[in-house]
Amino acid sequence: MTKLPVAILGATGAVGQRFIQLLENHPWFEIQEVVASERSASKTYAEAVNWVLDGSPPKQVAQLVVKALEDELSSPLVFSALPSDVAREVELRLASAGHIVCSNASAHRMAPDVPLVIPEVNAEHIELIDIQRKKRGWTSGALITNSNCTSMPVTMALAPLLIFEPTHLNVVSMQAISGAGYPGVPSYDILDNVIPFIKGEEEKLVTEPAKMLGKLVGDAVLPLPLIASAACNRVPVVDGHLVNIAVTLAKRPSLDEIKAVWQNYTGSSIVRQLPSAPKHPVI
Ligand SMILES: NC(=O)c1ccc[n+]([C@@H]2O[C@H](COP(=O)([O-])OP(=O)(O)OC[C@H]3O[C@@H](n4cnc5c(N)ncnc54)[C@H](OP(=O)(O)O)[C@@H]3O)[C@@H](O)[C@H]2O)c1
């Protein structure tokens, strides 16, 4: 099978590196282009990157020359791990030029015609792409986003509980320093400390789960009517966020019923066929 060439924007950053690690030996995709800032452009990836993951970058990617954002891209599929302020204009430009842009950045997540997806939870929201193309006059391009890193586990936990009609949500997060990218939080701030504020994070936890758990009705997603609040903390852990969730369920199921729906949750059937889909998305 011929693999689809892909480009990674923000390829030298913490998320860009994770993209590269996860796409190594992928059966469908091949990394053909890596893009970063002027600081990295024209260097080989190996020269430009400060690899923060285990091991070293895959050989095939290490020798690629890093492109600048202004350079022409030939890959039809683009994964974006750019800072949000940079992503805002660039992602629209690439989508309007015909690229399918899948973004980790928050810039366009809440735009009404942009799918915000966790594939297991709301794969059907991808249908928004038709509306997006019509509205923006795009032919082959599209912009699809994934969620904030704490909205994601919260939404995954809530998705199987929809049958019990969640009405209120309160989240307290304890988020690792890797979530702030590299070099991230100054060591003087985070060592021996908990920082009880992460700019913009609490708003995302209030809006993103409701959109992802919402229903596609006509041309738009009708958000789940959830009364939500959140408090986000940065804690001195390298990787892995922890979230405490309190949720009110109108149908008042027993603990055993809740455990059963979590255990049996497999998500959308189309998604289960994807090569990297976990067998049990909720453990
Ligand atoms: N870290 C996480 O766990 C996480 C989770 C979910 C979402 N996100 C989102 O994903 C995005 C990337 O986060 P990150 O943690 O990977 O950030 P990061 O480590 O700071 O990496 C930023 C990347 O963007 C590039 N870049 C910065 N400014 C640029 C510019 N003006 N033009 C072109 N490229 C530029 C950097 O290139 P150089 O190396 O050349 O400077 C680097 O490759 C952000 O929008 C973030 O909110 C992050």
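Student: What makes the ligand lie between domain 1 (4–108) and domain 2 (151–272)?

Tutor: Both domains give residues to the shell around the ligand, so it lies between them. The domain bounds come from an automatic or database domain assignment. Keep in mind that this is a predicted model: local features need pLDDT of at least 70, side-chain atom pairs count only at pLDDT 80 or more, and totals for chains, interfaces and linings use all residues. Residues are numbered from 1 along each chain as its sequence is written, and side-chain values use heavy atoms, leaving out hydrogens and water.

Student: Which residues come nearest to the ligand?

Tutor: Thr12, Ser37, Arg39, Ser40 and Leu82, out of the 23 residues around it. A residue is near a molecule if one of its heavy atoms lies within 4 Å of it. By class, the shell has twelve nonpolar, ten polar and one charged residues.

Student: Now the rings. Why is the pair of phenylalanine 29 and phenylalanine 79 called edge-to-face?

Tutor: Rings of Phe, Tyr and Trp (its six-membered ring) pair if their centres lie within 6.5 Å; planes under 30 degrees apart count as stacked, over 60 as edge-to-face and the rest as tilted. Here the centres are 6.1 Å apart and the planes are at 75°, so the pair is edge-to-face. The pair links distant parts of the chain, with phenylalanine 29 in strand β2 (residues 29–35) and phenylalanine 79 in strand β3 (residues 77–80), 50 residues apart. Strands here are DSSP runs (E, at least two residues), numbered from the N terminus.

Student: Why does phenylalanine 29 count as buried, and what does tryptophan 28 count as?

Tutor: Buried means under 20% relative accessible area, exposed over 50%, partly exposed in between (1.4 Å probe, protein chains only). Phenylalanine 29 has 18%, so it counts as buried. Tryptophan 28 has 32%, so it counts as partly exposed.

Student: Which residues do ring pairs link into a cluster?

Tutor: Phe19, Trp28, Phe29 and Phe79.

Conventions. Helix = DSSP H or I, 4+ residues; strand = E, 2+ residues; numbered from the N terminus. Nonpolar A, V, L, I, M, F, W, Y, C, P; charged D, E, K, R; others polar.
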